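Start with a single side chain, then widen the view.

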Amino acid sequence: MNREHFPRDPFDVVLVGGGLQNCLVALAFIELRPGARIALLERGPRLGGNHTWSFHSGDVPGRARQLIDSLVVARWDGYDVAFPAHARWLPLPYASISSERLHAVVAKRLASAPGCELRLESRVIDVRADSVVLDGGEVISGKLVVDSRGPEQCETTRGRGGYQKFVGLELALSADSPRTRPLLMDARVPQTDGFRFFYVLPFEARRVLVEDTYFSDTPDLEPLARELDVVEYARAAGMRVAGVLRREQGVLPMPTRVAPAPAGTTPLIGGYAGGWFHPATAYSLPVALRLALHLAEHFPDDVFGEDWERLVSEHGTQARFATWLNRLLFGVFRPETRYGALERFYRSSEALIERFYALRTTRLDRLHLLCGKPPRGLSLPSPLTRRMAS
């Protein structure tokens, strides 16, 4: 429920930006800190924008499953990947969250939680350690301020490796789709503009999301041309396209350096801007959930204590390895042969693949991914030293 004015007393938590990160923080506080007073500010007309977030079920710890389950719109018992020389079914449970469901659940929970507020179409012009200022001059105070306004606010990603960019169409079909489980990567397509693959999520028998995705050197995107490619791909895959239900697109950084904010830094920067995402895959739920649970479980007295330092250190270790992989992908592979790196990765064990997506790799995992027979398409030209040193 929106109100004209916020109470004068400080909130416990002020959340700037209504994307996945801060929605998870809000839900974690409502679930684990009943009575906490939360203000969630979003500049758009709804929470979550226009996105689909997917994750492996193993990404979610047991204590958070009830929190996440309410957001899920579809589940599958596994998924496929396909490359020119390798195809595989992986029995790793997979699920998706829609922005529509995220908005509905979070708005309802905030409206029913005493002392909590949701304000949409609110433009924040200044974020401070204990308050934010809206464009009309209103000041909203909080004991903890979390700024998670997205990649465009990014201050902690350094070194431009490349971009993951995509255009997706949620399609209505006139007959049941021949595909009943997700296809996470279909790289059996022309490798233009970097590593290119199609991503398919069959939400229902006659409702399917198809995305044309690139790991590219540039952020340039031609939505209309890509939409035509999506429809052509769907038809070639045996889908009878009746119409387009929804469109989505995105350009996400795949950086070569990520540095989460050090302990005690306020306001706390969350989500992409704070480096709380998977640099090599752009899957954001596991890391965003990790941060949300830490804040709720340690508020108010120990947010930046030893557990915070441990969380930042562990995430830093994982993020450095992921950004190192980005340096390799964009530095030593020709754009048209980048698929070889992913093709080799998907020959790994199921357990390693699951840990990698969760950003929980072990030292042995990291050694396995860097050693052994080189992927097809790997070359070591002189640009290696230039790109990896940048």
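V210 is buried, because its relative accessible area is 0%; buried means under 20%, exposed over 50% and partly exposed in between, with a 1.4 Å probe and protein chains only. The model is predicted: local features need pLDDT of at least 70, side-chain atom pairs count only at pLDDT 80 or more, and totals for chains, interfaces and linings use all residues. Residues are numbered from 1 along each chain as its sequence is written, and side-chain values use heavy atoms, with hydrogens and water left out.

V210 sits in strand β16, residues 207–216. Strands here are DSSP runs of E, at least two residues long, and helices are runs of H or I of at least four, numbered from the N terminus. Ten residues separate V210 from V200 in sequence, yet their C-alpha atoms are 4.6 Å apart. Contact means heavy atoms within 4.5 Å. Beyond four places in sequence, V210 contacts V167, G168, L169, L171, F198, Y199, V200, V230, Y233 and M239.

Now turn to Q164, in strand β13 (residues 162–173). Q164 counts as buried because its relative accessibility is 11%. Its side chain reaches the backbone oxygen of T281 at 2.9 Å. Setting aside residues up to four places away, Q164 touches T213, Y214, F215, G250, V251, L252, M254, T281 and A282.

Next, the cores. Nonpolar side chains tend to be buried together in soluble globular proteins. A nonpolar core is a set of buried Ala, Val, Leu, Ile, Met, Phe, Trp, Tyr and Cys residues joined through side-chain atoms within 4.5 Å. The largest has 91 residues, and F29, I68, Y79 and Y346 touch the most other members. Apart from it lies another core of 16 residues, including V208, V231, Y233 and V241. Back at I68, the contacts beyond four places in sequence are L24, F55, V60, L285 and L289.

The most come from α5, which gives seven. By type, the lining divides into seven nonpolar, three polar and eight charged residues.

Conventions. A polar contact is a pair of N or O atoms within 3.5 Å; within protein, one must be able to donate a hydrogen and the other to accept it, and residues adjacent in sequence count only if both atoms are side-chain atoms. Ala, Val, Leu, Ile, Met, Phe, Trp, Tyr, Cys and Pro count as nonpolar, Asp, Glu, Lys and Arg as charged, and the others, Gly among them, as polar.
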